[in-house]
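Take a look first, then read on.

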2 protein chains.
Amino acid sequence: MSNQIDKIENEFLEYVKKMESYNEALSLMYWDLRTGAPKQGIEQRSEVIGMLSSDVFKMSTSNEMADYIEQLSGSKDDLSEKTWKTLEECKKEYDRNKKIPAEEYKEFVILQSKAESIWEEAKEKADFSLFRPYLEKLVETTKRFIGYWGYDGNKYNTLLDMYEPGITVEVLDRVFGELREKIVPLVQQISESANKPETTFLFEHFPKNKQRDFSLAILEQMGYNFNAGRLDETVHPFAIGLNPGDVRVTTKYDESDFRTAVFGTIHEGGHALYEQNISQDLIGTPLCDGTSMGIHESQSLFYENFVGRNQSFWKKNYDLLKEYASGQFDEISLEDFYRAINESKPSLIRIEADELTYPLHIIIRYEIEKGIFNDEIEVKDLPQVWKDKYEKYLGVKPENDAQGVLQDVHWSGGSFGYFPSYALGYMYAAQLKNAMQKDLPHYDQLLEEGNLLPIKEWFTENVHKYGKLKKPLDILNDVTGEGLNAEFLIKYLYDKYINVYKLQ
Amino acid sequence: MSNQIDKIENEFLEYVKKMESYNEALSLMYWDLRTGAPKQGIEQRSEVIGMLSSDVFKMSTSNEMADYIEQLSGSKDDLSEKTWKTLEECKKEYDRNKKIPAEEYKEFVILQSKAESIWEEAKEKADFSLFRPYLEKLVETTKRFIGYWGYDGNKYNTLLDMYEPGITVEVLDRVFGELREKIVPLVQQISESANKPETTFLFEHFPKNKQRDFSLAILEQMGYNFNAGRLDETVHPFAIGLNPGDVRVTTKYDESDFRTAVFGTIHEGGHALYEQNISQDLIGTPLCDGTSMGIHESQSLFYENFVGRNQSFWKKNYDLLKEYASGQFDEISLEDFYRAINESKPSLIRIEADELTYPLHIIIRYEIEKGIFNDEIEVKDLPQVWKDKYEKYLGVKPENDAQGVLQDVHWSGGSFGYFPSYALGYMYAAQLKNAMQKDLPHYDQLLEEGNLLPIKEWFTENVHKYGKLKKPLDILNDVTGEGLNAEFLIKYLYDKYINVYKLQ
């Protein structure tokens, strides 16, 4: 009997390995398309991508997969942990995909692709009315899918669970409520502060190749392994793990604003450290990946904000930056530089927001999505709802829909429930930092010495190596002894901004 | 009935398209591995490559493929030319792979991979005895495979046909005999010439990025389409067509010898022009590829030698080269430069040989392979046979086996019958040039004006666009009105070297 299970287990792992092989080939094509693939080959490449993606989709919903799930689901004790968790992932995927009638899923894929191109046009023309019928259809379809999938407590929970297993409206209402309540008055205080940092020197000419060299030096300092990765240029930066031995970072250079490349590279470098340090043992399974969008973002935001925007980090690296720059910082003290890169002011565009105001952009989107899927907000009212919330939370008002409800790509692809992960990652990061400091009490000193390896090692031991073996909230609980708690992020933001703006 | 055939035809084309999609993904992985893929990811990437290659192999020998071949083979008149030729390619592949017992093929693949790594070691140690047992086994296995495949006239013909359909020992004995007979005395005459070119200035420092810029300018002049390609750096240069809209060139930079990059890029650029200009209509079929190794090589050698080493080409481009170089050519006349880049002298290593002596390196390998597969030469005698032939044809003698019989990788991978294509390509190129000059009588003037587009267009019209729709000898016949003829290459070499060495 156990021999029989062993045999099925091995076959199942081979089957899954094949799916992962296709995924690795797909990842390389994705990276290539975004780092210089010749334009005229793109159409044909898309066909190849479509072919391989459809192979993976078919394998994930095949009768063969159904048989593996059926034959192995009762044998938890006979299976390795890796097999069992892999089976759970496959089952989740199978259920999600199988519950939607094939015809409706196909229509949805077509709708997605149309909606994305219409959204681009609508954003360019700042005209929500063009996009509205597509968004209405996307929402309507997603509501119907929630009907197929079922839900627990709140319909929106089903969407949240796709990106952040275990996170619910109940949890988010609590933590986002706390965040909003504490951040809004701090933003207000800062806008009234007389001690605003001087920032004009940030925007002087910094040659691209020098930005690249500095970015490489910082990645090296972070412990990014260049034998298992490379740095390339792109338009919308990302990090991508093909396997733990090949995790690539991409960045963008703006010669009038070095921050784009430097903080962008540190951010993507944080994602990359995660993927480089997942246990090799998980290669060939769906577990060889970040456990959730939020935990992934906790790693990138940790490095971007708690390392890259930390004063001790610049005590070590400011002179180095000056060496690569062409004189723009020569007359600027470390203190003034530090304050400049931590300027905070309310703005309209999420991806340009600073550390303090960023969570408010996310909270606005969360409240809107929750309203939509609980039938409290209608798509036709979105432009106005958006404007009202920006005015209320941030004190700014978009002049048009391109600066407002049309700014993000997510909804046009039918990705509802994704936004909260960004702010969750930030909260996770603050909680993890608090726990880390119990093991590494001289955290700031490590930064000042440029000794970032103990930080990477701590993350590897507590987060990275598990891949998807642990769920996001299990990681958080095992490390911090508690669930999601906004308090740590709030304390961090208060401490930092009181100092930067010399409040009180 | 015809409706039924239409249906099968469409299914067959879909099936083939899928195989080609996998091949395109494989090509991207191949390119990536050779242009900077992180080292630590290579092992896992090899698994992915193995998985996809085995998918393609299985599809090419599946029962489904057998059914298509059976169902469509009788319906030539009902099928499009594209489908019919695709079917022929698939059938050839199917027969070749199916005739070998699966177990023996598997053993052969394992042997290949072992032999390649042993060959590397043997070459490093200049010790043929290490490699000998593996080469014996490779030869023995290949002989057995020829038994399965059958042969026509000469056993070696079966191997030749794999790389150059239609070419036989009978043809090669004739043309290689003529070549050898005419080249050997010319080589002798040159070695006795008092007018040897001065070449020391070639080896001065030429910065890599400047070599790159010059190479890009020349690719542009050749008509290489940068919207359908890119130039990258690698160790062993190659060109690769993922599809006609994405054909990539790679090159290598030697800062003490600019010729490596410049002539290498022109050579690979010739291959790339072929792949960029295959008819779009053939995408998704095995016909979307060069028709043979030899015709492919005719394109690269045409550009490398008949364009890149032509005096008129340098009348246009020598000043440009001087701009990119750091003064090494400032005191050198065009005439002296031209003579230097056309220096000819017998050497031991094939890939370092000049235009004149190159065919002799190939003829030696041809004679040896033919001898082996006709049981006239034994593997154990190869080092001595090699030395004797080099002394006889080129007047040089390798000091050890690394400089001799171990220099090329081909045999270690079981690639017998491949070498002749290099010299065939050269002869094709000379014949095509002769035909081209009937349409473009002012060929040299075009080069002098930097107007290379008519040359590219002539090739597109007469060679490129057909892909594998035409067999190599059909292309030759349709364009030149005759079969393989060594005379044109011989005349070219005599004209050129009498001029360069001021003979008589």
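The report below goes through the annotated sites, a strand hairpin, the pairing of the chains and some salt bridges.

## Before you start

This is a predicted model, where local features need pLDDT of at least 70, side-chain atom pairs count only at pLDDT 80 or more, and totals for chains, interfaces and linings use all residues. Residues are numbered from 1 along each chain as its sequence is written, chains are lettered from A and ligands numbered from 1 in the order in which they are written, and side-chain values use heavy atoms, with hydrogens and water left out.

## The annotated sites

Let's begin with the UniProt record, an unreviewed entry, whose "binding site" annotation covers His267(A), His271(A) and Glu297(A). These residues span 31 residues in sequence, yet no two of their C-alpha atoms are more than 8.8 Å apart, so they gather at one spot. A word of caution: UniProt positions are given in the numbering used here, feature names are shortened, and annotations may be inferred rather than shown by experiment.

His271(A) sits in helix H10 (residues 259–276) of chain A, while Glu297(A) belongs to helix H11 (residues 293–307) of chain A. Helices here are DSSP runs of H or I with at least four residues, strands are runs of E with at least two, and both are numbered from the N terminus. His271(A) is buried at a relative accessible area of 12%, and Glu297(A) is buried at 8%. (Buried means under 20% relative accessible area, exposed over 50%, and partly exposed in between, using a 1.4 Å probe and protein chains only.) Setting aside neighbours within four places in sequence, Glu297(A) has contacts that include His267(A), His271(A) and Tyr422(A); contact means heavy atoms within 4.5 Å.

The unreviewed UniProt entry also lists Glu268(A) under "active site". Glu268(A) is in helix H10 of chain A too, and is buried at 9%. Beyond four places in sequence, Glu268(A) touches residues including Ala239(A) and Val249(A).

## A hairpin

Strand S2 (residues 239–243) and strand S3 (residues 246–251) of chain A run antiparallel, joined by four bridges. Strands count as paired if DSSP finds at least two bridges between them. S2(A) and S3(A) make a hairpin with two residues between them, and Ile240(A) faces Arg248(A) in S3(A).

## How the two chains meet

The contact uses 35 residues from chain A and 35 residues from chain B. Together the chains bury about 3,100 Å², 52% of it on carbon and sulfur atoms; that is the accessible area (1.4 Å probe) that two parts lose on being put together, summed over both.

## Salt bridges

A salt bridge is a side-chain nitrogen of Lys or Arg within 4 Å of a carboxyl oxygen of Asp or Glu. There are 10 salt bridges between chain A and chain B. One of them joins Arg45(B) to Asp246(A), with the closest N and O atoms 3.0 Å apart.

Within chain A, Glu355(A) and Lys496(A) meet at 2.7 Å, N to O. Glu355(A) is in the loop between helices H13 (334–341) and H14 (358–373) and Lys496(A) in helix H20 (residues 487–500), so the pair ties together parts 141 residues apart in sequence. Both Glu355(A) and Lys496(A) are buried.
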